[in-house]
Amino acid sequence: MPSIVTFDLFSALIDTRTGASRTFTEIAAERGWAVSGTQLYDAWDVHNKTLQRDARLPITFLELSRSALVAAYEDLGLGPARAPADLVRLSVGIETVDDL
């Protein structure tokens with residue numbers, strides 16, 4: 001059985017929480033959602049970590065992240081259809097260590 005080895009870049013090298021929460025705040029405001037950017041990020045993060053833990057080949061991080069965001073939106077009652085496009089938007093809002 002093949003093993004999967006991951007390195008947690010998103011908390012070690014990239015401040016995803018700050019950048020993604022800010023982007024989620026913008027998305028929520030645009031859509032009139034009654035949740036904060038931090039709440040959206042936290043819901044997505046829980047699903048991301050669970051899916052990474054349970055991942056089996058072949059799967060990409062993009063697929064995991066997309067599935068996690070769809071699940072987070074479903075949990076929060078936000079309609080998951082926009083999750084794939086929002087994931088693209090999130091990638092632009094993430095700060096690297098150099099940006100801090």
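Predicted model: local features only at pLDDT ≥ 70, side-chain atom pairs only at ≥ 80, totals over all residues.
Tutor: Local features here need pLDDT of at least 70, and side-chain atom pairs count only at pLDDT 80 or more, while totals for chains, interfaces and linings use all residues. Residues are numbered from 1 along each chain as its sequence is written, and side-chain values use heavy atoms, with hydrogens and water left out.

Student: What makes H3 oblique to H4?

Tutor: The axes of H3 (residues 37–54) and H4 (residues 61–75) cross at roughly 130° and come within 8 Å. Angles under 35 degrees count as roughly parallel, over 145 as roughly antiparallel, 65 to 115 as roughly perpendicular and the rest as oblique. H3 is therefore oblique to H4.

Student: Which residues of H3 make the contact with H4?

Tutor: Contact means heavy atoms within 4.5 Å. On H3, the residues are Leu-40, Ala-43, Trp-44, His-47, Asn-48, Leu-51 and Gln-52. Among their partners on H4 are Phe-61, Leu-64 and Leu-69.

Student: What is called the largest nonpolar core, and how many residues has it?

Tutor: A nonpolar core is a set of buried Ala, Val, Leu, Ile, Met, Phe, Trp, Tyr and Cys residues joined through side-chain atoms within 4.5 Å, where buried means under 20% relative accessible area (1.4 Å probe, protein chains only). The largest such core has 18 residues; Trp-44, Leu-69 and Leu-90 are among those with the most contacts inside it. H2 (16–31), H3, H4 and H5 (83–93) each supply at least two residues of this core.

Student: Which residues does Leu-90 contact, leaving aside its neighbours within four places in sequence?

Tutor: Leu-90 is in contact with Ala-20, Thr-23, Phe-24, Trp-44 and Leu-69.

Key. Axes fitted to C-alpha atoms, helices over the stretch in contact; angles between N-to-C directions. Helix = DSSP H or I, 4+ residues; strand = E, 2+ residues; numbered from the N terminus. Buried < 20%, exposed > 50% of the residue type's maximum accessible area, 1.4 Å probe, protein only.
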